[in-house]
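Here is a walk through one protein model, written for someone new to reading structures. Keep the 3D view open as you go.

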Amino acid sequence: MVSIRPRQSVAAGPAVEGSNEYTIHTDNLFDSYKKAFVSNISVTVDKTSGLIKKVFERSDSIQNSMRIGDVNLGGLFIMPGFVDAHAHIFLHPYTERSSLEQERDESLVERVIRSTNHTRVALLAGYTTYSRDLGTEGVQTADTNVRDAINRGIIPGPRLFVATDPISSTGTYDMRGENRLGGTILPNLTDAADGVDGCRQAVRRRLGLGADLIKVYGDYRRRALRFPPNGTPIKFLPGDINKSNPSIQAYTMEEMVALADEAKRGQCAIAAHCQTNEAAAMAAKAGFTSVEHLPIPSEDTLLAFKEHNTIFVPTLSVWADPSAAFQYKEVAALTKKAYDMGIQLACGGDTGGFPAHGESALELELIVEAGVPVEEAMSACMLGGWKACGGDLTGYRFGYLGEGWCADIVGLASDPRKDKKAFRNVDFVMKDAKIWKSGGNVVGMI
């Protein structure tokens with residue numbers, strides 16, 4: 001379908017002297033708590049605090065309500081800024097270059113420059129928060145520096161909550177090469193930790209280095225070098241390469257409990273990468289905030305998520321990739337089942353390696369395509385993303401347009417209830433009361 005962008009208007013004349021407030025007037029606004037669009041709502045924002053000062057229902061038309069400095073977003077579909085709950089700012093699509101080559105061969109300078117491009121296009125796509133940048137994939141704590149550059153106003157980008165290096169048991173999530181004896185040195189991908197005390201120390205170490213939250217590998221293909229997946233193919237595998245190099249649990253229950261408890265003590269969220277039901281159920285029972293990926297959750301695992309209020313981030317974008325498409329329908333159906341059971345979802349596409357930065361809307365589209373009602377999917381993206389990040393533990397409130405919440409506002413040029421591609425048709429973007437895109441045009445950046 002063809003969408004015609006309405007023209008936003010700003011009331012003419014000089015701004016009121018000394019005023020740091022202005023009002024956004026809307027006729028279609030999405031309430032992420034009610035999971036419904038409401039009419040004739042205006043939102044007053046404060047440029048100094050970056051927060052919403054007031055939300056109110058108008059008794060008059062937009063035109064009659066406009067004051068100097070106000071913004072007319074009538075005709076657009078207004079909502080809180082999008083939240084990507086699983087992203088990697090230093091990665092670009094694996095179809096361009098494999099993860100091994102990116103992590104091993106791209107310089108720190110190149111990867112940081114790429115990350116500034118990635119955060120820019122993410123913001124312009126309406127993603128005002130990357131609620132979890134879940135691992136730098138080889139550049140240690142550089143994500144804290146990019147976060148701080150955004151927070152200091154040096155570069156534009158989403159609000160970042162970063163994990164620095166993820167935690168894994170020894171040998172679980174590593175770069176694997178066959179030429180260590182030849183002197184090849186590969187970058188570390190994780191903070192290796194073993195035993196209850198070692199796990200507690202690793203969480204403390206991550207937080208001390210500036211992490212906002214913790215990521216843990218609950219399992220991974222630890223024995224991949226038994227049948228190396230790269231190079232000359234192994235001739236006689238005991239099954240296909242995935243069955244020959246299965247994901248193996250990384251931690252005992254005692255270690256998982258220690259990781260979750262130490263994160264709680266540190267007042268932050270904790271996420272678990274899981275491909276196996278055993279690891280995912282352990283993470284839920286241990287008190288992890290969320291579980292990432294888990295393509296084929298069992299009934300027992302989903303019940304554990306439900307019982308322990310574990311957020312499920314299915315990363316459907318990963319399973320929709322051609323390399324994993326053989327099981328996508330089953331994965332999507334089980335995501336819908338999780339929703340039907342009342343399990344909290346959040347939207348994160350493993351952005352960077354799978355959907356490119358700026359294309360995070362794919363995950364929202366896939367959640368809807370899986371059968372989750374569009375308003376529910378939107379709320380999962382917005383409020384679910386905030387909850388996955390730790391909710392009030394973050395020190396911020398985002399994902400809802402209410403008094404005291406971050407003034408993050410996105411305007412779509414078409415109705416997402418009718419247009420499947422509406423989430424890509426971003427006309428207006430505000431973050432922290434600052435407008436970055438208006439009328440489909442970039443504002444305040446090159």
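## A loop residue out in the open

Gln 267 is exposed, as its relative accessible area is 55% (exposed means over 50% relative accessible area, buried under 20% and partly exposed in between, with a 1.4 Å probe and protein chains only). Before going on, know that this is a predicted model, where local features need pLDDT of at least 70, side-chain atom pairs count only at pLDDT 80 or more, and totals for chains, interfaces and linings use all residues. Residues are numbered from 1 along each chain as its sequence is written, and side-chain values use heavy atoms, with hydrogens and water left out.

Where does Gln 267 sit? Look in the loop between helix 7 and strand 17 (270-274). Helices (H or I, at least four residues) and strands (E, at least two) are DSSP runs, numbered from the N terminus. Gln 267 also has a positive phi, near 60 degrees, and it is a residue other than glycine. Most residues other than glycine have a negative phi.

Thr 315 is another non-glycine residue with a positive phi, this time near 45 degrees. You'll find Thr 315 in the loop between strand 19 (311-313) and helix 10. Is Thr 315 buried or exposed? With a relative accessibility of 0%, Thr 315 counts as buried. A glycine joins the list too: Gly 371, which follows helix 12, has a positive phi near 115 degrees.

## Helices that cross

Now for some helix pairs. Axes are lines fitted to C-alpha atoms, for helices over the stretch in contact, and angles run from 0 to 180 degrees between N-to-C directions.

| Helix pair | Axes come within | Crossing angle |
|---|---|---|
| Helix 7 (residues 253-265) and helix 8 (residues 277-286) | 9 Å | roughly 45 degrees |
| Helix 8 and helix 9 (residues 299-307) | 9 Å | roughly 15 degrees |
| Helix 12 (residues 361-369) and helix 13 (residues 374-388) | 9 Å | roughly 140 degrees |

Angles under 35 degrees count as roughly parallel, over 145 as roughly antiparallel, 65 to 115 as roughly perpendicular and the rest as oblique. So helix 7 and helix 8 are oblique to each other, helix 8 and helix 9 are roughly parallel, and helix 12 and helix 13 are oblique.

Take helix 7 and helix 8 again. On the helix 7 side, the contact (heavy atoms within 4.5 Å) is made by Met 253, Met 256, Val 257 and Ala 260, and on the helix 8 side by Ala 279, Met 282, Ala 283, Lys 285 and Ala 286. Sorted by class, that makes eight nonpolar, no polar and one charged residues. For these classes, Ala, Val, Leu, Ile, Met, Phe, Trp, Tyr, Cys and Pro count as nonpolar, Asp, Glu, Lys and Arg as charged, and the others, Gly among them, as polar.

Helix 8 meets helix 9 through Asn 277, Ala 280, Ala 281, Ala 284 and Lys 285, with Thr 301, Ala 304 and Phe 305 on the helix 9 side. Which classes turn up in the contact of helix 8 with helix 9? There are five nonpolar, two polar and one charged residues.

Between helix 12 and helix 13, the contact is made by Leu 364, Ile 367 and Val 368 of helix 12 and Val 374, Ala 377, Met 378 and Cys 381 of helix 13. That contact has seven nonpolar residues, no polar ones and no charged ones. Several residues of helix 12 are buried, including Ala 361, Glu 363 and Leu 364. The buried residues of helix 12 pack against strand 9 (82-84), strand 10 (127-133), helix 10 (316-320), helix 11 (328-340) and helix 13.

## Rings and a tucked-away serine

A search of the whole structure finds 15 aromatic pairs. Rings of Phe, Tyr and Trp (its six-membered ring) pair if their centres lie within 6.5 Å; planes under 30 degrees apart count as stacked, over 60 as edge-to-face and the rest as tilted. Phe 30 and Phe 37 make a tilted pair, 5.4 Å centre to centre with 55 degrees between the planes. Phe 37 also pairs with Phe 77: their centres are 6.1 Å apart and their planes at 90 degrees, so this pair is edge-to-face. Since Phe 37 lies in strand 4 (residues 36-38) and Phe 77 in strand 8 (residues 77-80), the pair ties together parts that are 40 residues apart in sequence.

Finally, Ser 32 is in the loop between strand 3 (29-31) and strand 4. At 1% relative accessibility, Ser 32 counts as buried.
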